Amino acid sequence: MNYKNGISKNKEGYILVYFKGHPMARGNGYVPLHRLIVSLLLGRNLTREEIVHHKNGNKTDNRIENLELITKSQHALIHNSTREYKHKANAKIIRKLYLQGYSGRSIASMLNIGKTTVLNCIKKLGISRNNMSLRDKQGKFISRKEVC
Ligand SMILES: [Zn+2]
């Protein structure tokens with residue numbers, strides 16, 4: 001093994017380092033670097049229930065201050081709430097832009113998200129620029145839901 005080439009990156013974007021015989025190594029002898037760093041700091045191996053979270057979301061930023069050791073369930077909470085927040089925020093923006101007259105395609109390119117996502121969101125929000133039944137008496141557009 002040439003340890004100069006002992007650094008690799010997996011499909012999920014995590015940096016892996018070759019660490020022969022390490023208890024936390026996967027079958028191929030590689031250990032995720034963020035887990036290795038926290039394990040070395042604590043002086044013990046991490047269990048499967050322990051997750052090392054990258055605080056700033058950058059999986060290659062393995063500075064100690066960016067790493068946080070938490071449980072699997074805490075981790076799920078962090079990521080679900082972020083996703084939920086993003087979803088709500090996008091729905092709000094999509095709604096405004098759509099009612100302003102922008103097409104699903106241009107909204108998608110503005111927000112750098114898929115066109116289908118935008119169109120599904122518009123559909124779920126129940127907003128339409130053409131359907132008069134979705135306007136109130138003052139002619140203002142109304143939506144069935146505030147978020148999608
Ligand atoms: Zn995380």
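Which helix lies across S2 and S3, and at about what angle to S3 does that helix run? Helix H1 (residues 33-42) lies across these two strands, running at about 80° to S3.

## About the model

This is a predicted model, in which local features need pLDDT of at least 70, side-chain atom pairs count only at pLDDT 80 or more, and totals for chains, interfaces and linings use all residues. Residues are numbered from 1 along each chain as its sequence is written.

Helices (H or I, at least four residues) and strands (E, at least two) are DSSP runs, numbered from the N terminus. Axes are lines fitted to C-alpha atoms, for helices over the stretch in contact, and angles run from 0 to 180 degrees between N-to-C directions.

## The sheet

Three strands form an open sheet in the order S1-S2-S3, with antiparallel pairing; two strands pair if DSSP finds at least two bridges between them. Strands S1 (7-9) and S3 (30-32) stand at the edges with a single partner strand each, so one side of each is left without a neighbour in the sheet. On average, neighbouring strands of this sheet are turned by 35° against each other, direction ignored.

Strand S2 (residues 15-18) runs antiparallel to S3 and is joined to S3 by three bridges. Tyr 18 has Tyr 30 in S3 as its bridge partner.

## Two packed helices

Helix H2 (residues 72-99) packs against helix H4 (residues 115-125) at an angle of about 85°, their axes 10 Å apart. That makes H2 roughly perpendicular to H4 (angles of 65 to 115 degrees).

From H2, Asn 90, Ala 91, Ile 94, Arg 95 and Tyr 98 make the contact, together with Val 118, Cys 121, Ile 122 and Leu 125 of H4; residues are in contact if their C-beta atoms, placed from the backbone, lie within 7 Å.

Methods:
Angles under 35 degrees count as roughly parallel, over 145 as roughly antiparallel, 65 to 115 as roughly perpendicular and the rest as oblique.
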